[in-house]
Amino acid sequence: MDQAHKLRELISSGLNSDDDSKKDAKIVAITSGKGGVGKTSLTVNLAIAMSKLGKKVAVIDADLGMANVDVLLGIVPKYTLAHVIRNEKTMSEVMVEGPAGIKILSGGSGAMDLVHLDEQSVLNLIDGLMFLNNEVDYIFIDTGAGIGKSVLSFIEAAEDVIVIVTPDPTSITDAYALIKNINYDEKNVKVIVNRVESNKDGKNVFSKISLATEKFLNIELENLGYIYEDKHVKKSVRSQNAFLISAPHSLASHAVEMLAYNLENNNVFDGQPNRFNRFVGRLFRLNS
Ligand SMILES: Nc1ncnc2c1ncn2[C@@H]1O[C@H](COP(=O)(O)OP(=O)(O)OP(=O)(O)O)[C@@H](O)[C@H]1O
Ligand SMILES: [Mg+2]
């Protein structure tokens, strides 16, 4: 059994304890085949939207790339999960509060390489995750891109996976390669198509991937929704702000709210703006 698998088993055995007072967080890995498709932006904003729906959310930044969650939000965390793994700090000492009360946990360079952690480090990490599990309703993990072992081990440890894809052909083929490498044991794979020009665009991309995975891998994907190309996303990245906060009425914000609602309620997206979408929009306005 490899580390990631062990991690998942231990977490779920902790979750299934008889203590009813304990919460049961849903762990969602957000990933992509190709880099730069909007993982970090969407993870952060999805977390904020979920928080506006009244859920407690933690974001784990497990990406060792450049544009990290903390950079995106202009937060400078003092400690990272590396400290938890080395048993130097507790999870609550490492957590930083972000917009709308979301909790941010920075991975820390190299620390989140689950594949190469020793036994004690994995146990320390599990302890930390168990604590987090009782604190929040959702744990979103922003993984790196691609099919590297570290990325795959996070996907393996999570219950749900969201694959971000864009209409760019290489993004589609890389997403397919990633999905092919995921271990499907009781896992739901959901897809968000980002940077679409129209609903039709999103529908085309989703059907391209889902038809291929159904035909060649016998895997049915769930369509979580589409996000339009929106200048507010780029603007918010530049100003180190979340677009859901700086541009709450933008197309991207409305789409992300819809996605959060779908995720929480297990809805399948139909791609069409309708009365229901407007209902969700009002729900968010009431909460903000
Ligand atoms: N819907 C969108 N509309 C316009 N621009 C977007 C959209 N989504 C993402 N972007 C742009 O794409 C860039 C990359 O986004 P982001 O950093 O979130 O991607 P990533 O997948 O996390 O990248 P990496 O793989 O490097 O971690 C951002 O600078 C942002 O400006
Ligand atoms: Mg990123």
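Predicted model: local features only at pLDDT ≥ 70, side-chain atom pairs only at ≥ 80, totals over all residues.
Strand S7, residues 188–196, is mostly covered, with seven of its nine residues buried.

Look at the strands paired with S7. Strand S6 (residues 160–165) runs parallel to S7, and six bridges join the two. Within this pairing, Ile-162 has Lys-190 in S7 as its bridge partner. Strand S8 (residues 222–228) also pairs with S7. Here too the strands run parallel, joined by six bridges. Val-191 has Asn-223 in S8 as its bridge partner.

Now follow the chain from S7 to S8. S7, H9 and S8 make a β-α-β unit, and the unit is right-handed. Helix H9 covers residues 199–217, and Glu-214 is found in it. Buried means under 20% and exposed means over 50%, so a residue in between counts as partly exposed. Leaving aside residues up to four places away in sequence, Glu-214 touches Ile-219 and Glu-220.

Finally, turn to helix H6, residues 119–135. What span should its 17 residues have? At 1.5 Å a residue, H6 should span 24 Å. The end C-alpha atoms of H6 are 25 Å apart, which agrees. Several H6 residues are buried, among them Val-122, Leu-125, Ile-126, Leu-129 and Leu-132. The buried residues of H6 also include Ser-121, Asn-124, Gly-128 and Asn-133.

Note on methods. Residues numbered from 1 in each chain as written. Chains lettered and ligands numbered in written order. Heavy atoms only, no water. Helix = DSSP H or I, 4+ residues; strand = E, 2+ residues; numbered from the N terminus. Contact = heavy atoms within 4.5 Å. Buried < 20%, exposed > 50% of the residue type's maximum accessible area, 1.4 Å probe, protein only. Pairing = 2+ DSSP bridges. Right-handed = clockwise from strand over helix to strand, strands pointing away. Expected span 1.5 Å × (residues − 1).
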